[in-house]
Amino acid sequence: MAVNSNKTHKQGLVVKGGSKGFTLVELVVGMVVLSIALVMLTSMLFPQADRAAETLHRVRSAELAHSVMNEIWGKRYDQNTNPNGGVPACGASPRSDLGLPAGKKCTALGDLGPDAGENRNSYNDVDDYDGLNQTSLMLNAASSTDTYASRYPNYLLAVAVTYPDTSDLNRKLITVTVTTPSGEQIVYNAVRSNY
């Protein structure tokens with residue numbers, strides 16, 4: 001004998017094997033849970049994107065500062081220092097026991113910066129870079145208009161060279177300041193000694 005599992009309702013509608021699907025309450029609860037999950041997910045992902053951009057700006061800042069700093073570091077200490085090893089160094093006392101004469105005076109604090117007639121490609125000592133900025137031509141850019149601003153758009157660059165102690169002219173403080181597009185100012189310092 002076969003059993004009929006169909007149920008007949010008052011109006012004659014037939015529903016087979018129970019109802020399949022979601023009720024309105026289940027749909028609303030599902031949408032609320034999904035929206036809470038999306039809000040949490042986006043609140044965690046969007047700040048990560050901002051942090052990734054800041055990290056990229058810092059890396060580019062370090063790249064720019066290190067390229068300038070490496071170039072400066074490869075130059076002699078002072079205009080008045082012997083380019084072939086610095087003997088005698090500027091400001092050096094005479095050493096008659098070694099047969100060394102006194103060195104010429106080191107560049108005065110007020111005279112730091114490029115010497116008369118020097119252009120970007122002829123910088124030959126550390127203090128020539130005092131005042132270098134993002135609008136300056138890049139090294140070996142004599143035949144083009146390549147500036148730091150064209151290679152690093154929206155970054156600001158400022159180089160300062162000074163004596164950290166004006167009574168002792170045997171050390172120069174090199175400060176490279178890079179401002180990122182987000183406005184973060186990052187300062188890189190190095191001290192170059194007279195040797």
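Visitor: Is tyrosine 155 buried or exposed?

Guide: The general idea rests on relative accessible area: buried means under 20%, exposed over 50%, and partly exposed in between, using a 1.4 Å probe and the protein chains only. Tyrosine 155 has a relative accessible area of 7% and is therefore buried. Please note that this is a predicted model, in which local features need pLDDT of at least 70 and side-chain atom pairs count only at pLDDT 80 or more, whereas totals for chains, interfaces and linings use all residues. Residues are numbered from 1 along each chain as its sequence is written, and side-chain values use heavy atoms, with hydrogens and water left out.

Visitor: Which ring pairs with that of tyrosine 155, and in what geometry?

Guide: Rings of Phe, Tyr and Trp (its six-membered ring) pair if their centres lie within 6.5 Å; planes under 30 degrees apart count as stacked, over 60 as edge-to-face and the rest as tilted. By this rule there are two aromatic pairs. In one of them, tyrosine 123 and tyrosine 129 have ring centres 4.9 Å apart and planes at 85°, so the arrangement is edge-to-face. Tyrosine 123 is buried at 12% relative accessible area, and tyrosine 129 is buried at 1%. The ring of tyrosine 155 pairs with that of tyrosine 152: the centres are 6.2 Å apart and the planes stand at 80°, so this pair is also edge-to-face. Tyrosine 152, at 8% relative accessibility, counts as buried.

Visitor: How many helices and strands does the protein chain have, and in what order do they run?

Guide: Helices (H or I, at least four residues) and strands (E, at least two) are DSSP runs, numbered from the N terminus. The protein chain contains two helices and five strands, arranged from the N terminus as β-β-α-α-β-β-β. Of its 195 residues, 28% count as buried.

Visitor: Which strands pair with strand 4, and in what sense?

Guide: Two strands pair if DSSP finds at least two bridges between them. Strand 4 pairs with strand 3 (residues 156-162) in the antiparallel sense over seven bridges. Leucine 156 has threonine 179 of strand 4 as its bridge partner. Strand 4 also runs antiparallel to strand 5 (residues 185-193), to which nine bridges join it. There, valine 178 stands opposite isoleucine 186 of strand 5. The hairpin of strand 4 and strand 5 has five residues between the strands, and glycine 183 takes a positive phi near 90° in it.

Visitor: How many residues of strand 4 are buried?

Guide: In a regular strand the side chains alternate between the two faces of the sheet. In this case, seven of the nine residues of strand 4 are buried. Contact means heavy atoms within 4.5 Å. Not counting residues up to four places away in sequence, threonine 177 touches Leu156, Leu157, Ala158, Gln185, Ile186 and Val187.

Visitor: Which residues touch the most other members of the largest nonpolar core?

Guide: A nonpolar core is a set of buried Ala, Val, Leu, Ile, Met, Phe, Trp, Tyr and Cys residues joined through side-chain atoms within 4.5 Å. The largest one has 22 residues, of which Val68, Leu157, Val159, Val176 and Val178 touch the most other members. Helix 1, strand 3, strand 4 and strand 5 each supply at least two residues of this core, and the largest share, five residues, comes from helix 1. A second, separate core of five residues includes Tyr77, Cys90, Cys106 and Tyr163.

Visitor: How many salt bridges does a search of the whole structure find?

Guide: A salt bridge is a side-chain nitrogen of Lys or Arg within 4 Å of a carboxyl oxygen of Asp or Glu. The search finds seven. One of them joins arginine 60 and glutamate 63, with an N to O distance of 3.5 Å.

Visitor: Where do arginine 60 and glutamate 63 lie relative to each other?

Guide: They are three residues apart in helix 1 (residues 24-73), and therefore separated by about one helical turn. Arginine 60 is partly exposed at 25% relative accessibility, and glutamate 63 is partly exposed at 41%. Another salt bridge links arginine 151 to aspartate 146, with the closest N and O atoms 2.7 Å apart. Salt bridges that share partners also join Asp78, Asp127 and Lys172 into one network.
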